[in-house]
Amino acid sequence: MVTNDDHAAVLDTSDAWIVERTGIRQRHIAADGQATASLALGAARAALERADADPRDLDLIIVATMTPDHPMPAAACQVQNALGAARAGAFDLNAGCSGFVYALAMGQAAIEAGSYRSVLVIGADTMSAVVNWQDRATAVLFGDGAGAVLLRATDEEHGVLASLLGADGAGDELLMIPAGGSAQRASPETVAAGLHTLQMNGRQVYRFAARVLPEAAEAVARDAGLSLDDVDWIIPHQANARIIEAAAQRLQMPLERFVINVDAYGNTSAASVPIALCEAADDGRLQPGQHVVLVGFGAGLTWAAAAVRWAAVKPEVQRATLHRLWRELLYRWAGLRTGLVRGINRLVGRLSTLWRRRKHGE
Ligand code: UT7
């Protein structure tokens, strides 16, 4: 965990400035050896636990992230493998901080199309890997984290009622990591210039966020046939408490109906909405049958919103214990299998090199 005082010890900033301008008090940073896939895996396991679901029943795994472990392959494939989700397709989705809500809409659409029955949607980001720790304007804002939900086909009247996605690429330069992609390839010069770290025009992104958050919340509620009075909770992307307060004012909704945890985690990008959603569900604020509106906004520029009628899954305790043991077994087997497959692949690689050398008399 990194507190504001930890930042103030090395940067020209203060706890008072950060709390007053953002509402952030601390953020969590991935441990050594942890990266986005391992954070995503933790959230995925927790979601399967809560739903008492078998990983082998998953049809699709979507990881919303802009900080995958590697440019390729997708972090979602690492999660798929570690879960032992043998039947699942897996891909990453990059819509910046809107990513989780984008992925939720995609998961919902896949189920509605009828081809998929069980979709694991994860938001995960390791922002500490891309933040410039010397830049006080961004370093103090971000944290690492992951959250996940399991979507399942049902005939009951709950789940995602409506969603909307938005983008305006003209605002791309307001929030970007300039180098390391195909446009500005990684080189000693790009590294020296700090172009692999996140650059943001905070004030302009603030204005954009303060506009789209209430607009998207209102529009998606309307699309779902709900008035704002019918909405029990709004769970916005956690970038800045002031943005959320401004949205509450614009929507004329009491701040108490917004889930806010930016103080404890900072901005965890695609992870922020699912972390807040899971916290509200776990601590009992979010009750079955209630309506919740999720809103994301961020790099792209992008925004996305979803109106959800919440349903709680209460696994039957005795069966759940057996299922938990079964999942544990599956995870262990997945780890063992990974070691075996990688070992065999390396061995085959070495043997075929040796064989080729022999053939050519080297
Ligand atoms: O998740 C993606 C979406 N991201 C966002 O939604 C972020 C949106 N933007 C924001 O949340 C805010 O714009 C910030 C928190 C980034 C900045 O807050 P602000 O109230 O807009 O501050 P500012 O950028 O207007 O800067 C005000 C002053 C500047 O000094 P001068 O030029 O007035 O002398 C900054 O240099 O505050 C200074 N400043 C700081 N001072 C102490 C900027 N960062 C810091 C800092 N500590 N960490």
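In the protein chain, 75% of the contacts with a separation of 6 or more are made by residues 24 or more positions apart (a contact means C-beta atoms, placed from the backbone, within 7 Å). This is a predicted model, so local features need pLDDT of at least 70, side-chain atom pairs count only at pLDDT 80 or more, and totals for chains, interfaces and linings use all residues. Residues are numbered from 1 along each chain as its sequence is written.

The protein chain has 12 helices and 12 strands (DSSP runs, H or I of at least four residues and E of at least two, numbered from the N terminus). Buried residues make up 42% of its 362 residues; buried means 20 or more other C-beta atoms within 10 Å of a residue's own, exposed 12 or fewer, and partly exposed in between, with C-beta atoms placed from the backbone.

Now for the ligand. The shell around it holds 20 residues, with Thr-13, Gly-202, Tyr-206, Ala-239 and Asn-240 coming nearest (near means a C-beta atom, placed from the backbone, within 6 Å). Helix α8 gives the largest share, 5 residues, while α2 (15-22), α6 (136-139) and α8 (202-223) each supply at least two.

Met-72 and Pro-73 are joined by a cis peptide bond with omega of about 0°, and Pro-73 sits between β3 (60-64) and α4 (75-83). Asp-52, not a glycine, has a positive phi of about 50°; Asp-52 is partly exposed, with 19 other C-beta atoms within 10 Å. Gln-252 also has a positive phi, about 55°, but is exposed, with 8 such atoms.

Methods: Contact = placed C-beta atoms within 7 Å.
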